[in-house]
Amino acid sequence: MISGINTQQADLLSQALEKAKRTTEDVAVLAKREDSSNVMSFLDDVLDLGDGRSLLGSLSKLPAEEAEGALQSLARLLKAGVVGYE
C-alpha cells in the first residue's frame, strides 16, 4: 500500500489504474486494425481540443457500423480520465 492513503483510496486507485489499462489495450487494438482509421480519426478529432471540431461533426463522418464502437471507445477514454489534448 502507498504510504499516506487509506484502504478505500487504494481500492479506488487500483480500479482507476485497471480502467486505464483496459482503455490503453482498446486503443492499441484499434491502432493495429487496418480498417480503424475512421475510428482513430474520430477519437483524434474529438480529443484534440485545439482544432474546434465538434463531436457530432466527427461522428457524422463515420459509417453507422463504426459509430457505436467509436462512442464506446470514447466513453472508456473519458471514464479513464482522458479528456483531451491541445
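Which helix does Glu-66 lie in? I looked and found Glu-66 in helix α4.

**Ground rules.** I am working with a predicted model, where local features need pLDDT of at least 70, side-chain atom pairs count only at pLDDT 80 or more, and totals for chains, interfaces and linings use all residues. Residues are numbered from 1 along each chain as its sequence is written, and side-chain values use heavy atoms, with hydrogens and water left out.

**Overall fold.** The protein has four helices and zero strands. I take both as DSSP runs, numbered from the N terminus: helices are H or I with at least four residues, strands are E with at least two. Along the sequence the pattern reads α-α-α-α.

I looked up the accessible surface, which is about 6,100 Å². Carbon and sulfur atoms hold 55% of that surface. The areas come from the Shrake-Rupley method with a 1.4 Å probe, and for residues only the protein chains shown count as cover. Of the 86 residues, 21% are buried. Buried means under 20% relative accessible area, exposed means over 50%, and partly exposed is in between (1.4 Å probe, protein chains only).

**Contacts.** I then checked how far apart in sequence the contacts reach. A contact means heavy atoms within 4.5 Å. Among contacts with a separation of 6 or more, 60% join residues 24 or more positions apart.

**Back to Glu-66.** Is Glu-66 buried or exposed? Glu-66 counts as buried, at 17% relative accessibility. I also noted its spacing from Asn-38, 28 residues away along the chain. The C-alpha atoms of Glu-66 and Asn-38 are separated by 8.0 Å.

**Asp-45.** I moved on to helix α2, where Asp-45 is found. Asp-45 is buried, with a relative accessibility of 7%. Leaving out residues up to four places away in sequence, Asp-45 touches Asp-51, Arg-53, Ser-58 and Lys-61.

**The salt bridge.** Side chains of opposite charge can pair when their charged atoms come close. My rule for a salt bridge is a side-chain nitrogen of Lys or Arg within 4 Å of a carboxyl oxygen of Asp or Glu. How many salt bridges does this rule give? The count is one. Lys-61 and Asp-45 form a salt bridge through their side chains, at 3.5 Å from N to O. Lys-61 sits in the loop between α3 (55-59) and α4 (64-79) and Asp-45 in helix α2 (residues 37-47), so the pair ties together parts that are 16 residues apart in sequence. Lys-61 is exposed, at 56% relative accessible area, whereas Asp-45 is buried.
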